[in-house]
Amino acid sequence: MKLFESYKIKNITLRNRVVMPAMCQYTADTDGFANSWHQLHYGSRAVGGVGLIIVEATAVEKRGRLSNHDLGIWSDQHISGLQAIVDLCKSQGACIGIQLAHAGRKAWGNELVAPSGIEFSNQFPNPQALSKQDIAEIIEAWKKGARRANQAGFDLLQIHAAHGYLIHQFLSPLANQRHDEYGGSREYRLRFLLEIIAAIKEEWPAEKILSVRLSASDYLPGGLEIEDHVYIAQVLKEQGVDIIDVSSGGILPVNIETYPGYQVKFAEQIKQAVDIRTIAVGLISQVELAEEIIANQRADFVALGRELLRNPYWVLHATERLSNQYWPEQYLRARNFTKV
Ligand SMILES: Cc1cc2nc3c(=O)[nH]c(=O)nc-3n(C[C@H](O)[C@H](O)[C@H](O)COP(=O)(O)O)c2cc1C
């Protein structure tokens, strides 16, 4: 099956196309340090055969956390805990990335910042509109986060520009009503992300993988649509981004009609129009659907979120009849249940 074939990108070989997407565990201590839960949680998916693990949204600034138990990367002291996760997962043959994030107006606490002083909902305090000086400082925090992610040994860095968090707030006219060079036209709203990418590239080695997660639709009048993201993906490709992880929604509370593979069409449109690698995600649980997406080249990778929470050994189960597939040596006697 194509799904379980290895895939080389730059000098990094993924053992298959199955990705564990970023999923917050809300389990770090209040200073953002990783602990034994994170090792066990990510290590299990590495033993379970996942090709690429993306560590949960990790805050580049303390005030940018989604909760007060998010992982953090705003200090050099965070590096060793993250490195322990990296070493563990790599020792089990997985590639490992990290999602860097800033929640902006959807952050935990009272120190909320955003492109404009418009709250996400009445359950969040009114955010402070960022000055140009503040923007420069936040970009610097992303840059330092990239340096630390590299020092921790990650293969991939993913910029969280989706789900209504700070970068998405700059991208979408529903949250960005600035009148300076960071707001207004599509090009100006993209500036913040492009400046973050330029800063990250000063620290993140060119031979490692750079990814951006986007929300392909705001699902609201006046919001971003897939056409905007085709344009954004084109510019990101020109800036050296290797993979777009294609999610949707989050800029404002909205009901999304979901069904198996409901976001695959977005990943496919971006891949076809821009010729950039994409990750498809969203209610993908069945191996047949995952294989269909890869074999028909609708995306280059499939991410299974909640399915991998339910079943860390999804890949092993899916490949138990494929004799050339990875299985942990220690579990080989369990592979063929008709023989003792
Ligand atoms: C517990 C949980 C935490 C999540 N945390 C993040 C996160 O840190 N960053 C992110 O981009 N998406 C996050 N997501 C969204 C997932 O990455 C994924 O896009 C979503 O669950 C849809 O995929 P699925 O239907 O396979 O679960 C989270 C989802 C869950 C269930």
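Biologist: Let's start with aspartate 245: what is its relative accessible area?

Modeller: Bear in mind that this is a predicted model, where local features need pLDDT of at least 70 and side-chain atom pairs count only at pLDDT 80 or more, while totals for chains, interfaces and linings use all residues. Residues are numbered from 1 along each chain as its sequence is written, and side-chain values use heavy atoms, leaving out hydrogens and water. Buried means under 20% relative accessible area, exposed over 50%, and partly exposed in between, using a 1.4 Å probe and protein chains only. Aspartate 245 counts as buried, as its relative accessible area is 0%.

Biologist: Which residue does aspartate 245 form a salt bridge with?

Modeller: A salt bridge here is a side-chain nitrogen of Lys or Arg within 4 Å of a carboxyl oxygen of Asp or Glu. For aspartate 245, the closest N and O atoms of the bridge are 3.0 Å apart, and the partner is arginine 213.

Biologist: How many residues apart in sequence are the parts that aspartate 245 and arginine 213 tie together?

Modeller: Helices (H or I, at least four residues) and strands (E, at least two) are DSSP runs, numbered from the N terminus. Aspartate 245 belongs to strand E11 (residues 243-247) and arginine 213 to strand E10 (residues 209-215), so the parts tied together are apart in sequence by 32 residues.

Biologist: Is arginine 213 buried or exposed?

Modeller: Go by its relative accessibility, which is 5%. That makes arginine 213 count as buried.

Biologist: And glutamate 307 with arginine 310: what separates them in helix H9?

Modeller: The two form a salt bridge, with the closest N and O atoms 3.0 Å apart. Glutamate 307 is buried at 14% relative accessible area, whereas arginine 310 is exposed at 58%. Helix H9 covers residues 306-310, and because the two are 3 residues apart in it, their separation is about one helical turn.

Biologist: Which residues do salt bridges that share partners join into one network?

Modeller: A search of the whole structure finds 16 salt bridges. Those that share partners make one network of Asp76, Arg147 and Arg148.

Biologist: Now the rings: what is the angle between the planes of phenylalanine 170 and phenylalanine 192?

Modeller: Rings of Phe, Tyr and Trp (its six-membered ring) pair if their centres lie within 6.5 Å; planes under 30 degrees apart count as stacked, over 60 as edge-to-face and the rest as tilted. That rule gives 7 aromatic pairs. Phenylalanine 170 and phenylalanine 192 are a stacked pair, 4.1 Å centre to centre, and the angle between the planes is 25°.

Biologist: Where do phenylalanine 170 and phenylalanine 192 lie?

Modeller: Both are buried. Phenylalanine 170 lies in helix H4 (residues 166-171), and phenylalanine 192 lies in helix H5 (residues 186-201).

Biologist: What is the distance from the charged end of lysine 106 to the ring centre of tyrosine 165?

Modeller: A charge sits over a ring if NZ of Lys or CZ of Arg is within 6 Å of the ring centre and within 35 degrees of the ring normal. Lysine 106 has its charged end over the ring of tyrosine 165, and the distance to the centre is 4.8 Å.

Biologist: Last one: how far is the sulfur of cysteine 95 from that of cysteine 89?

Modeller: A disulfide is a pair of cysteine sulfur atoms within 2.5 Å. The search of the whole structure finds 0 disulfides. For cysteine 95, the closest cysteine sulfur is that of cysteine 89, too far for a bond at 11 Å.
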